[in-house]
Structures are given as structure tokens and as C-alpha cells.
Amino acid sequence: MEKTIEDPPTSAVLLDHCHFSQVIFNSVEKFYIPGGDVTCRYTFTQHFIPRQKDWIGIFRVGWKTVREYYTFMWVTLPIDLNNKSAKQQEVQFKAYYLPKDDEYYQFCYVDQDGVVRGASIPFQFRPENEEDILVVTTQGEVEEIEQHNKELCKENQELKDSCVSLQKQNSDMQAELQKKQEELETLQSINKKLELKVKEQKDYWETELLQLKEQNQKMSSENEKMGIRVDQLQAQLSTQEKEMEKLVQGDQDKTEQLEHLKKENGHLFLSLTEQRKDQKKLEQTVEEMKQNETTAMKKQQELMDENFDLSRRLSEKKMICNALQREKERLEGENDLLKRENSRLLSYMGLDFNSLPYQVPTSDEGGAGQNPGLVYGNPYSGIQESSSPSQLSIKKCPICKADGICDHTLEQQQMQALCLNCPICDKIFPATEKQIFEDHVFCHSL
């Protein structure tokens, strides 16, 4: 419990004597997360005037008297009550002094006389929890849920308005009941005074009657006068007894009317409790629908991410294919240059293809990758073979056994493009040592 300079003023006033509609609490949450400060906002009604010793306490639901508070804070008095903003006030409860269990509590405004002037709706101190949710996958269901959510919000607002009306009726009934109780207390006080007066008068009359009987023996001459006096006193006593009976009967009628008002108040309180339960169920349904909508949005985001990943991979494949196509065109250009260079060298050496000591076979299998004008074949046959699309289309991948171009054949083609094979001895030279490769091939012709 919060430590203050002094304890707040309390009393043993029961719930029937409290006025809950004079201070209204605003923006009260269904639950507050433990470990954080709690801000309590409230508004004064038009005819309520706060005083210096007023305080706001946190009570467990089901409290009977204002002495059962858990913690409290003093109310700050506004400077000008006529100002509209001064009607709206707030206090802050520190997290250290707040309850640690998950029971239901409520804010109550208590004046310096110990009378409750306002009470909030119940709330809890508990962390947020995730309940089982259903996955909504279609747009139609999402629209239907949104429409149903709007209807529930509208119905919730109607229930809130009905709850405010019932609270107002309850306040009016409480005021009327208070008035009736005050009248009853006044009548009971009058009745007690009359009973005491009648008793005193009766005692006085009995004493006087005894005195008269004693004097009757001494004063026989005044016997008739005293008898008349006794008859008058008896008649007066009878009249007062009848008046007392009428007062007692009126008291009984007031008591029956009070019991009837108490029963009617109990029925109204039960009706208000049922409406609050229905309101809580509707709020839970709205929360579940919000969670379903969030899940659907997450699923949609996952599908969009997967689509983006597939698009990126397709773009990468297209970039690789374009790069290989450019490499093929570049190699075909180099092949044409080599053919022209080869022809130029043969013409320069004055050699004839039919008089060469070594003839490169011109079979159908290697015709696409050989040049009949060269003495020892095309020295860049490895490059031509790797760049030929007909060879790639006929060969199968030795790794995945797939026909045509795959990731493995593309990698093999790139490796072949980086080296030169001697057509005589199958010696391999890097593509950067082109001059050494040409000298090596030329040495075979010597």
C-alpha cells in the first residue's frame, strides 16, 4: 500500500448510501500491464464540488466499505471549477504500489466524509496473452469480418449508452431511496418522542390517579369532580393511542415501500451486470477478429516475399543467359579472325592443302569445329567446340544427365573458354598465353 503522510478519511458507509454518478472515470482500460505506472483520468459533474481531503483509491471488486481500499492518491483541487478543462483531472499511481495479482479492481472517488462519489468499470493487472486464432485466407471473409466488426462496434456503443442510462436511473433511485430513508428516520424519531411522551404522560396519569384515590377517602365531596377528570384523561389517552396506532401503521407502510425499492434496485443491478458481461463478450469477439486480420496480413506478406524471391532468381538466370550469349558471339568473332589469319599464313608460306603431310580429318562429326585450310587443324578447336551451340544441344550433362544447357554445362563451357588445346598432342595452354600456343603448334609442322 502506498505510503503517505496520513491515512485517507474513511467511514463505514455501505454501497446503498453512495453516489456513483457525481464523478465519471474516463479511458479506463480492460487491463494494465504489471510493472508500469497507471494514469487515472476522471471528470467532475456539474453540481459536484471537490474538497481538500478527497482521494481516489483502488478497490478490489466486491468491496463493502471504503476502508477496504488497496492503495490511494490524494486529489488535486482545480484552481477554477468554472473552467471546462478544470472538470477533467488525473492522478498517477506508481507501479511499486499497484496490486500484483490478476483479480478485478476498480477506481473509486471518495470525498472527505468517506462517501463514494464515483466508481469506474472493473479492470485487471495482467500481461497480454495470445489466444488461439483462425487463419482468414479469402478477401470475402475479411470484408465480412470487417462488416461484422462494424456492427459489433455499433452494438457496443448502444450498450454503453444503455449502461449510462441505467447508471443514471440507478443514481436517481439511490437519491430517492436516500430521501425516503431520511423521511423514515425523521418519522421514527418523531415516533420515539411520542412514545416517550405517552409513556411519561401515562406514568404521570397513573401517579395522579393513585393520588386521587388516596384523596378520594379524604375528599368525598370532590369525588364526582375527580371522576369526571379521570374520564377526560382516559378519553385523551384513548385519542393519543389511536394517533400512535396511525403513526405505527404509517411506519409499516414506509417500511414496505422501502423494501420494494430495495428489491427493484437489486433487479436493476443484476440487469446492469448482465449487460456488462455481454459487453465483455463482444469486446473479446472484436479482439479475436483483429488477430485473425493480422494473421491474414502476415500470410499475404509471406506470399509477396516468396514471389519477390522467385522474380529475383529469374532475373539472375536471365543475366547469366545474356552473359553466355555475349560470350558466344565474342568467340565466334575470334573464330572468324583466326580463320582469316590461318588463310593468310598458308598463302604466305605458299603451302597447298593437298600437299600437306598431315591432313585434318573432315568427317561429319568434327566438320563443324575444323578448318580444312589449316595444316594441323584449327588450333582453337577447343574454343570453337565449347562455343558451338549444336554440340551443347547434343551432349548430355555427365552430372545431372540432362539434355541441353544446364548449370553444369554452362560452368564447363566457361572453363573451356579460358584454355587452348593443342590439336596434335592435346596439351592445354591458358587463354592468356596465346602467342606461346601458336608457336607450339607451329613447331609440330617443322
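How many nonpolar, polar and charged residues are in the lining of the largest cavity? By class, that lining has three nonpolar, one polar and three charged residues. Here Ala, Val, Leu, Ile, Met, Phe, Trp, Tyr, Cys and Pro count as nonpolar, Asp, Glu, Lys and Arg as charged, and the others, Gly among them, as polar.

This is a predicted model, in which local features need pLDDT of at least 70 and side-chain atom pairs count only at pLDDT 80 or more, while totals for chains, interfaces and linings use all residues. Residues are numbered from 1 along each chain as its sequence is written, and side-chain values use heavy atoms, with hydrogens and water left out.

**Cavities**

Rolling a probe the size of a water molecule over the atoms shows where empty space is left. A cavity is a set of points, on a 1 Å grid over the protein atoms alone, where a 1.4 Å probe fits but cannot get out; lining residues have an atom within 4 Å of a point. Grid points are joined across faces, edges and corners, and a volume is the space filled by probe spheres set on the points. The count by this rule is three cavities of 30 Å³ or more. A volume of about 70 Å³ belongs to the largest cavity. Its lining consists of K180, E183, L184, K254, Q257, L258 and L261. Both α1 (139–218) and α2 (223–349) supply at least two residues of this lining, and α2 gives the most, with four residues. Helices (H or I, at least four residues) and strands (E, at least two) are DSSP runs, numbered from the N terminus.

**Sheets**

Two strands pair if DSSP finds at least two bridges between them.

Strand β4 (residues 55–60) is mostly covered, as five of its six residues are buried (under 20% relative accessible area, with exposed over 50% and partly exposed in between; 1.4 Å probe, protein chains only).

| Strand pair | Bridges | Residue pair |
|---|---|---|
| β3 and β6 | six bridges | T43 and Q88 |
| β4 and β5 | five bridges | F59 and Y69 |
| β4 and β7 | six bridges | I56 and Y109 |
| β7 and β8 | three bridges | C108 and A119 |

**A backbone exception**

Most residues other than glycine have a negative phi, and most peptide bonds are trans. S27 is not a glycine, although its phi is positive, at about 55°. This residue is found in the loop between β1 and β2 (31–32). S27 is exposed, with a relative accessible area of 55%.

Key:
1 Å grid on protein atoms, 1.4 Å probe; cavity = no way out; pocket = protein on both sides within 12 Å on 5 of 7 lines; lining within 4 Å.
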